[in-house]
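Please keep the sequence and the coordinates at hand while reading.

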Amino acid sequence: MIRGALLIALAALLWSTTGIVAKFLFTGTELPATTLAFLRLVVALPFFWLLMRREQRQNANAGGTAPGNSLRKLDLKSLAPLAALGFFQAIYQGSYLLAVDLTGAGIATLIALCLPPVLVAILAAPLLGEKPGLLTILALITAVIGTAMLVLSDMDTSGTLRLAGVLMALLAALVYTGFTLTSRYSSTGTPVFTTAFICFFTAALILLPVVALSGGFEGIEELELRHWLMVAFIGVVPTCIGYVSFFTGMKTTPATLSSIIVTLEPLFVALLAWIFLEEVLGPIGIAGALILTAAVVVASRYGGKSGAAPKDGTDTSA
């Protein structure tokens, strides 16, 4: 179990590099956030295709069916929720990266990733016909306080209220919440990497016309080799290797423990942003980050099935 927990922690660390590298790209180039989101998916798709094919062969060997037929067997009822996940994925990718561009990697990630588990714990309860517990309600209140402290700290260090970036981070959090609820309560039983491939493919199809019509491809030829390496890094390391590490660790790690371990991701981002981007949260921001993380842990531990979602087969937002 220790090895599995370490692999999940490694996945959280790899996921945390997304916002850091993206901030370097936005600072050094004119690359729009939506274009980077699209390129990230394009880079990741071949890897998830190979992982999907490997998964199909393993399932075929286990069940005695011919490999390569899982996509053909998906009917409209099965594809509809996967297409919805792809829609959420497209909006999340664009809004999160835009929040990183407009504010900082640390505050954008803390808001975008720490609020959703608490919101899921609150919203999932009525969906199941239950009332949220007292601890869940307290976790929500605590999360709101922590978020407010982060915004105040960002105002203090940046000298202004970067409202657009905060709103984009909140949008990403809301979309992430919808994504998680859809993935949990519209489960199709589709294998992990088949789901991931369809989700990313759908998101890329949605982002393509958005990027093209907004002129996002203009000037892309001006990117230098080091910039393309950054794009490739985001598509391969946090997106592909991160998920392989997570899924491998999940095989020997209880779901509740894994959901708590992944809360390290926004804290990793805050630490890396401080080291590499010189983004300083300040005392209020650090306290807010810790309070927000505590709220996520409470939601993960006591929110039941609706608590913080470990990034399982359908949760591909990171």
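In which helix does Leu271 lie? Leu271 lies in helix H11, where helices (H or I, at least four residues) and strands (E, at least two) are DSSP runs numbered from the N terminus. This is a predicted model, in which local features need pLDDT of at least 70 and side-chain atom pairs count only at pLDDT 80 or more, while totals for chains, interfaces and linings use all residues. Residues are numbered from 1 along each chain as its sequence is written, and side-chain values use heavy atoms, with hydrogens and water left out.

Leu271 has a relative accessibility of 43% and therefore counts as partly exposed; this class lies between buried (under 20% relative accessible area) and exposed (over 50%), with a 1.4 Å probe and protein chains only. Together with Phe24, Trp274, Ile275, Phe276 and Val280, Leu271 forms a nonpolar patch on the surface, with about 620 Å² of accessible area. Such patches are made of residues with over 30% relative accessible area and no salt bridge, nonpolar side chains (Val, Leu, Ile, Met, Phe, Trp, Tyr) being joined within 5 Å and like charges within 9 Å. A salt bridge is a side-chain nitrogen of Lys or Arg within 4 Å of a carboxyl oxygen of Asp or Glu. Areas come from the Shrake-Rupley method with a 1.4 Å probe; for residues, only the protein chains shown count as cover. H11 contributes the largest share of the patch, 4 residues.

Phe268 also lies in H11, which comprises residues 264–276. Because its relative accessible area is 22%, Phe268 is partly exposed. Leaving aside neighbours within four places in sequence, Phe268 is in contact (heavy atoms within 4.5 Å) with Ala9, Ala12, Leu13 and Ser16. The C-alpha atoms of Phe268 and Ala9 are separated by 10.0 Å, although the two residues are 259 apart along the chain.

Helix H1 covers residues 2–28; its 27 residues should span 39 Å at 1.5 Å a residue, which agrees with the 40 Å between its end C-alpha atoms. The expected span is 1.5 Å times one less than the number of residues. H1 is mostly covered, as 19 of its 27 residues are buried.

Beyond four places in sequence, Leu36 touches Ala22, Leu25, Phe26, Leu31, Leu97, Val231 and Ile234.

The protein chain contains 12 helices and 0 strands. Of its 318 residues, 53% count as buried. Among contacts between residues at least 6 apart in sequence, 86% join residues at least 24 apart.
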